[in-house]
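Reader: Could you walk me through how to read a sheet and its aromatic contacts? I would like the general idea first, then the case at hand.

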Amino acid sequence: MIADLSVSQKSLCHFRIYTGSTKAGMPARLVYVGMVEGLLYIAPFVDECFFEHSSVDQEGILEWEHLSLFIDEKQADMTLLMAVSDVVKQCQRPGDVIGLSRIHQSVDVSTGWSAVLDEFSNRENKRHAQLVEQGFSFDVSLEDKDFFSFYHSMHTPTMNARYGPFARSVQEQVAYLDLFKRGMLFRVHLNGKWVAGSVSQLDKPKRTLNARLIGVDGGAAIFRRNGAQNFVYHAILEWASNQPLIDRVDFQGCEPFLSKGTFQYKKRFGARAVIPDNVFGQSRLLIRVPALCASSRQFLINNPLIGLDAQGQLQAQYFFDADHGIRSDIPFASKGIHSQVSHNLDRWHD
């Protein structure tokens, strides 16, 4: 039983139960339970990484005080709990894996554009020069008509193309009032034609530009392949680094797994991994794998998790067993991540 619900008491506890055939070729059950935000981020990501084929058997809500009993009764091959850290601590048992629930990646732009470019990876720095030579450029718009054109012809199609039925975004009026009207629209052009863009929100007190919505014309894959979407990030950083009132660009969050493509991608821009200053920063992810079957072992080994060390600094957690070494091909090296640790799954429940 959860004795002190604190922040979580203000919201409902949600759950979703998946069943299917895992990537290890075994039937399995995966349970997500906790904050509603986890249904949008954590649960779909783990589902995709854990299963080859799956379906949602059940979804609903429960009282937070019934959380521990619910987890015990479901007897899943893998259980995910996302909740405020106090709740996670109360539920934690020996053998549970604990990580952050989400990370953000931000770039220091206070030193100017030339210094920002110097922090790009060698590959990304060369790509920037190539994209400019190919005819990419950008401007910034505050026009309402441009926002609505971007939202409908670029952002929404892009989200649908990337995520299909799992597409997630900010509702149009919220995006208009809370993001665009408090920020601006970046428009990327290729030889004069508007082909991509992004809405960013300016947080003046924090001297931070929050890069929020992105999209390419019609969601077409060609604009991701030819560098148009990539150039959006360059445009945001170049513009922000020339603004005396902006010190940082926050490229927002991603799931706390090193295997997440967006995490590896944003490292190219010299981004620092940080604990977000929002509800995710106060929450943690608990992964329970009671039997450590082949399926759960494969997931943990192939998806190293970002957690905290004893000093509260970001740490990469890798897993291995007698038959599988750590995934050193999934690098953790990033500003903000201070160390790595390797866990032997053969001795995990000793």
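Predicted model: local features only at pLDDT ≥ 70, side-chain atom pairs only at ≥ 80, totals over all residues.

## Reading the sheet and the rings

Author: Happy to. Strand E9 (residues 193–203) pairs with strand E10 (residues 208–216) in the antiparallel sense, over eight bridges. Two strands pair if DSSP finds at least two bridges between them, and strands (E, at least two residues) and helices (H or I, at least four) are DSSP runs numbered from the N terminus. Residues are numbered from 1 along each chain as its sequence is written, and side-chain values use heavy atoms, leaving out hydrogens and water.

Reader: What is the order of the strands in the open sheet?

Author: The order of its seven strands is E7-E8-E9-E10-E11-E6-E12, and the pairing is mixed. Strand E7 (136–141) and strand E12 (272–274) each have a single partner strand, so one side of each is left without a neighbour in the sheet. From one strand to the next, the twist averages 30°.

Reader: Which strands does helix H7 touch?

Author: Contact means heavy atoms within 4.5 Å. Helix H7 (residues 144–163) packs on the sheet and touches E7, strand E8 (183–190), E9 and E10. Axes are lines fitted to C-alpha atoms (for helices, over the stretch in contact), with angles from 0 to 180 degrees between N-to-C directions. The direction of H7 makes about 70° with that of E10.

Reader: How many aromatic pairs are there?

Author: Rings of Phe, Tyr and Trp (its six-membered ring) pair if their centres lie within 6.5 Å; planes under 30 degrees apart are stacked, over 60 edge-to-face, and the rest tilted. The count comes to 22 aromatic pairs. Trp113 and Phe120 make an edge-to-face pair, at 6.1 Å centre to centre with 85° between the planes. For Tyr233 and Phe269, the centres are 5.3 Å apart and the planes at 15°, so this pair is stacked. Tyr233 is in helix H10 (residues 228–241), and Phe269, 36 residues away, is in the loop between helix H11 (261–266) and E12.

Reader: Are Trp113 and Phe120 buried or exposed?

Author: Buried means under 20% relative accessible area, exposed over 50%, and partly exposed in between (1.4 Å probe, protein chains only). Trp113 is buried at 14%, and Phe120 is buried at 4%. Tyr233 and Phe269 are buried too.
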